[in-house]
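Visitor: Please take me through this model one feature at a time, and tell me how to read each one.

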Amino acid sequence: MSIVKKMLKDAQKTKDSHLNLNSLLDMLTLLVVFLMKSMNSTVIAAPPEDIRLPSSYVGEEPKEALMIQVSPTYITINNKKLVLLKDGKFLMEDIAKNDLYLVPAIEKELLAEAEKSKDIEKKSQELFKFKGTAFIQIDKSIEYSTIKRILYTSSVAGYGDMKLATVGSGE
């Protein structure tokens, strides 16, 4: 008997089979749960119109952190204006007398924010950990001496993990 005839005979003998959808639905459910868990939902606020971010390669997605914004005319922490700048520079009255890199108004606000975060850490039974992360948006026209004072003051106040915002080089 030829192979084709044998295959046709075998095909006629097979009974109707039903597709089992349970396994397929289980896999689909696991896939949906995995995708939902791995989706990054962190949203970082866009900088104000008067802050022009420098261009750079963006290596990672921003995480939620304390927001420091520096424009040529002011500095805000979590949208609270703290210090006025003149042409992107600090006024001498805003700089500490005994430490030329420390800005007391910024330090005071950062220490208060750190204290709030540490209280939340205690109340949440350490589910939330204070890591001292600050997300900094600095206008590209700001001089290095001003940036240096902001970074120094942030690290003194407990925010040593600083992320600088940039615009992707393709934008």
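Guide: Start with Lys163, which counts as partly exposed at 33% relative accessibility. Buried is under 20% relative accessible area, exposed is over 50%, and partly exposed lies in between (1.4 Å probe, protein chains only). The model is predicted: local features need pLDDT of at least 70, side-chain atom pairs count only at pLDDT 80 or more, and totals for chains, interfaces and linings use all residues. Residues are numbered from 1 along each chain as its sequence is written, and side-chain values use heavy atoms, without hydrogens and water.

Visitor: Which side chain meets that of Lys163 in a salt bridge?

Guide: Side chains of opposite charge can pair when their charged atoms come close. Here the rule asks for a side-chain nitrogen of Lys or Arg within 4 Å of a carboxyl oxygen of Asp or Glu. Lys163 pairs with Asp161, at 3.3 Å from N to O. Asp161 is also partly exposed, with a relative accessible area of 30%.

Visitor: How many salt bridges does the rule give?

Guide: The count is four. One of them joins Lys80 and Glu109, N to O 3.2 Å. This pair links distant parts of the chain, 29 residues apart, with Lys80 in strand S4 and Glu109 in helix H3. Helices (H or I, at least four residues) and strands (E, at least two) are DSSP runs, numbered from the N terminus. Lys80 is partly exposed at 43%, whereas Glu109 is buried at 11%.

Visitor: How far apart in helix H3 are Lys116 and Glu113?

Guide: They are three residues apart, so about one helical turn separates them. Their side chains meet in a salt bridge of 3.5 Å, N to O. Lys116 is partly exposed at 48%, and Glu113 is buried at 12%.

Visitor: Which residues have the most contacts inside the largest nonpolar core?

Guide: A nonpolar core is a set of buried Ala, Val, Leu, Ile, Met, Phe, Trp, Tyr and Cys residues joined through side-chain atoms within 4.5 Å. The largest has 22 residues, and those with the most contacts inside it are Ile68, Val70, Ile75, Phe90, Ile106 and Leu110. Elements that each supply at least two of its residues include strand S2 (66–70), helix H3 (104–123) and helix H4 (144–156). Another core, of five residues, lies apart from it; Ile51 and Phe135 are among them.
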